[in-house]
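This briefing covers salt bridges, a hairpin and a helix. The model is shown below.

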Amino acid sequence: MVLPGKSGRQGNWLKTTIIIGISILGSLMISYLGVAKESIIMLFLLGVIFSTIVTSSSMWGMVTSVVSMMAMNFLFTEPRYTLVIYDSGDLVLLLFFLITAVVSGTITSRLQQQIEIAEKNERTTQVLYKIASGFIAITGERDILNRAKYFVDNYTGLKSQILILENGDDEVHHDLNYKEFPISGSDRTIGKMLVQVENEELDKQNEIIIQSIATQLGIALEGNRLYAEREQIRVAMEKERLRANLLRSVSHDLRTPLTALSGAGNLLAENFDVLRDDEKKKLATDISEEIGWLTNLVENILNMTRINNEQLLLKKEEEVIDDVVSEAVSRTKRILRDRNFTVTLPDEVVSAPMDGKLIVQVIVNLLENAVRHTSKDSLVSLDVEISGTDVEFTVSDTGEGIDEIIKDSLFDRFVTLEKGVTDGKRGIGLGLTICKAIVEAHGGEIHSERNLPKGSRFIFTIPLEED
């Protein structure tokens, strides 16, 4: 059984012996060349310095100094091959050699220790930099904790456990062989890091590294908490903004048709006997149109509510395309009467699995959108054709086209061209958003494009077969 440190001492004995042997052999070789003993001393001095360097200890340098002095006395002072010194000059020379060798060895040892400390500090600095940069791009509490444990294991080789006080982990009983490092936030203690140590003492460098990991962990967890709070505030503000926009837009769009209904109704009631039949019919038609528009508005609001609550449930059945298109056209025929409206359907009867009521709503929204952005006598068309495994619906118009300002956000909520609420064009900016949600719920796609030479086209597809 080898005792701790014994193999290291044996290695240093061997290194020192080899260096001393080389110094003696080298001194004998150069002495035969007629080199004075004052110069031979320099060779032994180099041996002392090398011994200090290779053993990393000034003690072995001193051993080499003493042995080298005795070798100099034995081999190169009169009488030779004895340890007796007759010449006082040789005695002074050997004493100065011993002093110089000891001082040189000590200085060399200290310089080497300073170099080792500097290299260790450099490695520690590099590790601290990697730790600090390693927490920058990481998010999520679980990932942050895993990163901290990885750093402790990778850079110190020690096992760690992290306890977060908010999770009730402070009640966990841990082994006494764990050393605690607090994890602190900006104004509170977040938790603690427990690092398993075999001995009661922890290496200073490892302690610095672990303390840095605990500090960076606290900063990362605090930043993650603040980010989550900001996200909650942002979401709440966005919800409030959407709610305000919805209320503002609904209030505006309800006021306009209700005013028209009230005016037409009062006019019809108060002047029923004096109005001509064609005037009565005109008022009744206006009332019917406004009621139809209100019905569609309420339907859109209800659908948007279901989408927000993730409750847009499809009741798919095999629906004949002609019937769906006919229903949508019948609901919009009054608003289309001033447009050159055409419908193109497939030659054969085609059916597809869909929620007919919702697809009708999509077509109605697109047709109303086309009417809203075109003038009287403009061309509006609805074309249906089979495209591979999908049925493709296209609503085209010859209006002003899609403005570049809203082109990229066309299917977002509350997107309208007007900067404020005006009475020029009714619409709360929900129609296209609802269309997109309904089409994608059916497994289809919807997009817009320019209708050359003028206008815009909205195209959506529905799969012909259930996926």
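Asp153 is partly exposed, at 36% relative accessibility (buried means under 20% relative accessible area, exposed over 50%, partly exposed in between, with a 1.4 Å probe and protein chains only). Its salt-bridge partner is Lys159, with the closest N and O atoms 3.5 Å apart; Lys159 is exposed, at 52%. A salt bridge here is a side-chain nitrogen of Lys or Arg within 4 Å of a carboxyl oxygen of Asp or Glu.

This is a predicted model, in which local features need pLDDT of at least 70 and side-chain atom pairs count only at pLDDT 80 or more, while totals for chains, interfaces and linings use all residues. Residues are numbered from 1 along each chain as its sequence is written, and side-chain values use heavy atoms, leaving out hydrogens and water.

**Salt bridges**
- The whole structure holds nine salt bridges.
- Glu222 pairs with Arg225 at 2.5 Å between the closest N and O atoms.
- Glu222 is buried, at 6%, whereas Arg225 is partly exposed, at 25%.
- Glu222, Arg225 and Glu229 are linked in a network of salt bridges.

**Hairpin**
- Strands E9 (residues 446-450) and E10 (residues 456-463) run antiparallel and are joined by five bridges (strands are DSSP runs of at least two residues, helices H or I runs of at least four, numbered from the N terminus; two strands pair if DSSP finds at least two bridges between them).
- Ile446 has Phe460 of E10 as its bridge partner.
- Five residues lie between the strands of this hairpin, and Gly455 in the turn has a positive phi of about 105 degrees.
- Arg457 forms a salt bridge with Glu449, the closest N and O atoms being 2.3 Å apart.

**Helix H9**
- Of the 17 residues of H9, 15 are buried, so the helix is largely enclosed by the rest of the structure.
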